[in-house]
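This report goes through a protein model from single residues up to the whole chain. Please keep the sequence and the structure in view while reading.

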Amino acid sequence: MSDASAAGVGVGGASRHPAPRAPGEDSERGDAPRSALRAAFQKGRPALITYVMAGYPDRRASIEALRAAARGGADVIELGVPYGDPLADGPVIAEAAAVARAGEGGFGLVHALQVAAAFIRDPGVDEAPPVVAMTYMNPVMRLGLKQTAERMLDAGIAGAIIPDMPPEASAPWRQVSAGLDTVFLTAPTSTDERLAVVAGASAGFVYCVSSMGVTGERESLAIGLADQVARVKRHTDLPVAVGFGVGDAAQAAQVAAIADGVIVGSAIVRRQSDPVAVESFVRELAAAVRG
């Protein structure tokens, strides 16, 4: 992924069944006390953020994966919206998106938000962690910025990550998405000036991409990751979470030692057809992150 796209990306509740929120109900930055994303990082320990692809391998299985991640101990769940040109996503997530889109009825942004609502308001889930939707600008623009924000709020979603939306072009979205935290991404190559822009536009947390390229497991973490996280933290008082490349419990523990949150995606999606495996793996990650 390019620096520009990484730094431009903009990914939710503390309550079991968050009440629908209306645009304008929360502050524009979204880091007001009611921010469910911000609250997820205020437990006195690093937070675990787990990625689940909506509609993969089918609608029912993706809801089961969300339930499994919650049972396993996820503090936040990033819900991926299947998209045909996912520039930030590696082969595992891209293939999962393709399968979801090819399924009966196809799967897109509206379907993903329906999955989120079904999970968040599931009476069988004791405490749904906040859900943040990870999507791209094309689906958002096709549905309409205001319509997308209203549907996310109606679903109980806490925030949005839109990787191909740079902060400089985010004003129209932010004008209609009050009540949602918009999370932007930093890249390893981001300059201090760029970090200030991205951190200033972010709400909920700042997503620190650990290495150049797309999502996916790596054999080892990037050299200099601790310095990279420290650079980001000099520009914000928001929590800083690291994603891209974290694939097992050992790596999760390493990241938890230097960041406020650990994001794990592809390694979970690889297990997504088996909710038992998802729950077991997330439980292992949670234990590692929490020490």
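Glu279 is buried, with a relative accessible area of 19%; buried means under 20% relative accessible area, exposed means over 50%, and partly exposed lies in between (1.4 Å probe, protein chains only). This is a predicted model, in which local features need pLDDT of at least 70 and side-chain atom pairs count only at pLDDT 80 or more, while totals for chains, interfaces and linings use all residues. Residues are numbered from 1 along each chain as its sequence is written, and side-chain values use heavy atoms, with hydrogens and water left out.

**Salt bridges**

Side chains of opposite charge can pair when their charged atoms come close. A salt bridge is counted here when a side-chain nitrogen of Lys or Arg is within 4 Å of a carboxyl oxygen of Asp or Glu. By this rule there are eleven salt bridges. Three of them are listed below.

| Pair | N to O distance |
|---|---|
| Glu279 and Arg283 | 2.5 Å |
| Glu150 and Lys146 | 2.4 Å |
| Asp192 and Arg231 | 3.0 Å |

Glu279 and Arg283 are four residues apart in helix 13 (residues 275-290), so about one helical turn separates them. Arg283 is partly exposed, at 43% relative accessibility. Helices in this report are DSSP runs of H or I with at least four residues, strands are runs of E with at least two, and both are numbered from the N terminus.

Glu150 and Lys146 are also four residues apart, about one turn, and both belong to helix 7. Glu150 is partly exposed, with a relative accessibility of 25%.

How many residues apart are Asp192 and Arg231? The two are 39 residues apart, and their pair links distant parts of the chain: Asp192 is in helix 9 (residues 192-201) and Arg231 is in helix 10 (residues 225-233). Asp192 is partly exposed, at 37% relative accessible area.

Salt bridges also link Lys43, Arg45, Asp75 and Arg290 in a network.

Helix 7 covers residues 145-155, and its buried residues are Thr148, Ala149, Met152, Leu153 and Ala155. Seen down the helix axis, these residues fall within an arc of 165 degrees, so they line one face of helix 7; the arc is that of the directions from the helix axis to the C-beta atoms. The buried residues of helix 7 pack against helix 5 (109-120), strand 3 (131-134), helix 6 (137-143), strand 4 (159-161) and helix 8 (171-176). Contact means heavy atoms within 4.5 Å. After helix 7 comes Gly156, which has a positive phi near 90 degrees.

Helix 5 has twelve residues and spans 16 Å from its first C-alpha to its last, close to the 16 Å expected at 1.5 Å a residue. The expected span is 1.5 Å times one less than the number of residues. Which residues of helix 5 are buried? They are Leu109, Ala112, Leu113, Val115, Ala116, Ala117, Phe119 and Ile120. Their cover includes helix 3 (59-72), strand 2 (76-80), strand 3, helix 6 and helix 7.

Pro130 sits in the loop between helix 5 and strand 3. Pro130 is buried, at 4% relative accessibility.

Asp181 belongs to strand 5 (residues 181-183). With a relative accessible area of 3%, Asp181 is buried. The side chains of Asp181 and Ser35 are joined by a polar contact of 2.5 Å. A polar contact is a pair of N or O atoms within 3.5 Å; within protein, one must be able to donate a hydrogen and the other to accept it, and residues adjacent in sequence count only if both atoms are side-chain atoms.

Gln272 is located in the loop between helix 12 (266-269) and helix 13. Is Gln272 buried or exposed? Gln272 counts as buried, at 1% relative accessibility. Its side chain reaches the backbone oxygen of Met53 at 2.7 Å. Neighbours within four places in sequence aside, the contacts of Gln272 include Val52, Tyr56, Pro57 and Val278.

**The whole chain**

The protein contains 13 helices and nine strands. Of its 291 residues, 59% are buried. Its accessible surface is about 10,800 Å², and 52% of that belongs to carbon and sulfur atoms. Accessible areas come from the Shrake-Rupley method with a 1.4 Å probe, and for residues only the protein chains shown count as cover.
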